Amino acid sequence: MLIQLIALLSGLVFGIGLILSGMANPAKVLAFLDVTEQWDPSLAFVMAGAVGVGFFAFRLAKKRGQTLLASPLHLPTSNILDHRLILGSIAFGVGWGIAGICPGPGLVLAASGHSGAIIFVVAMLSGMVIFDQLEKHRMRRH
Amino acid sequence: MIDWQSFTPISALAGGAIIGLATAFLLIFAGRIAGISGIVGGLFRLQKGDFGWRAAFVAGLLLAPWLWRWFDELPAIQVETSHGLLALAGLIVGLGTRYGSGCTSGHGVCGLSRLSPRSIVATLLFMTMGMITVYVIRHGLY
């Protein structure tokens with residue numbers, strides 16, 4: 001129950017950060033990605049703020065080797081630059097560039113009742129389900 | 001050319017720091033990476049003992065705009081993309097983030113914070129592709 005409460009609070013604070021930062025305004029995201037015309041560099045500051053705090057959190061967590069509740073850390077272990085990482089990230093960038101919406105802001109915008117964002121999120125969740133189905137199929141073949 | 005009128009470095013930096021704090025909180029108390037596409041994608045795997053915290057995090061994210069509205073009007077949400085393109089973008093983002101194992105939060109915030117080579121490559125790729133996509137949509141190929 002405690003872990004659920006922690007996750008709920010983290011999600012809530014994360015969402016507030018997204019709204020305050022401007023990440024939840026797709027036009028602002030696209031203005032950040034549009035480097036050739038009227039460039040709005042604000043979102044680089046979002047990343048700087050988040051990584052500035054995150055860097056120390058990850059250092060602390062790795063040094064302790066476990067959580068403050070003495071449970072294990074679930075950190076990614078892979079170091080391989082495979083074609084899945086590369087092609088997946090390229091595809092994500094194209095989708096992000098079309099809409100100016102990535103998964104977190106998409107969920108926040110959809111929850112606020114924005115019809116376009118709801119369409120985006122339903123399609124995004126479908127994409128994730130399709131991925132799982134394709135993965136299951138792939139596993140069965142191997 | 002920088003669009004100084006739209007430039008909001010303070011709210012961007014503050015919002016980013018709040019995102020970083022949410023990430024740090026989830027990591028240090030729950031041992032989990034605050035990567036939205038990973039957290040949401042894992043919901044469809046239906047593994048025992050793994051569902052609750054994910055659902056709670058997403059619930060927190062969805063509650064964020066409502067908590068915000070309790071105190072103030074939400075900041076402007078501007079979406080100029082058509083519904084058809086939003087659906088296409090959502091689908092690509094869903095598939096791409098799952099294949100690439102992360103999005104702006106998982107690779108961008110968390111991955112850069114822990115200096116993961118995979119995440120650095122992924123972030124460079126999706127940022128570059130986002131910029132290229134916006135350029136092509138707004139200015140054409142030639």
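Two residues are taken to be in contact if their C-beta atoms, placed from the backbone, lie within 7 Å. By this criterion, in the predicted model examined here, B:Ala89 is in contact with A:Gly95, A:Ile98, A:Ala99, A:Ile101, A:Phe120 and B:Thr81, once its neighbours within four places in sequence are left aside. B:Ala89 also belongs to the largest nonpolar core, a set of 88 residues. Together with A:Ala7, A:Ala50, A:Val108, A:Phe120 and B:Phe57, B:Ala89 is among the members that touch the most others in this core. Domain 1 (1-75) and domain 2 (80-142) of chain A each supply at least three residues to this core. In soluble globular proteins, nonpolar side chains tend to be buried together.

The C-alpha atoms of chain A fill a box of roughly 50 × 45 × 30 Å along the principal axes. Of its 142 residues, 54% count as buried. Among contacts in chain A between residues at least 6 apart in sequence, 34% link residues at least 24 apart.

Two loop residues also deserve a visit. Most residues other than glycine have a negative phi. A:Ala70, however, has a positive phi, near 60°, and is located in the loop between helices H3 (42-64) and H4 (83-99) of chain A. A:Ala70 counts as exposed because it has 8 C-beta neighbours inside 10 Å. In chain B, the phi of B:Ser101 is likewise positive and near 60°; this residue is found in the loop between helices H4 (83-99) and H5 (104-113). B:Ser101 is buried, because 23 other C-beta atoms lie within 10 Å.

Definitions and conventions:
Residues are numbered from 1 along each chain as its sequence is written. Chains are lettered from A and ligands numbered from 1 in the order in which they are written. This is a predicted model: local features need pLDDT of at least 70, side-chain atom pairs count only at pLDDT 80 or more; totals for chains, interfaces and linings use all residues. A nonpolar core is a set of buried Ala, Val, Leu, Ile, Met, Phe, Trp, Tyr and Cys residues joined through C-beta atoms within 7 Å. A residue is buried if 20 or more other C-beta atoms lie within 10 Å of its own, exposed if 12 or fewer, and partly exposed in between; C-beta atoms are placed from the backbone. Domain bounds come from an automatic or database domain assignment. Helices (H or I, at least four residues) and strands (E, at least two) are DSSP runs, numbered from the N terminus.
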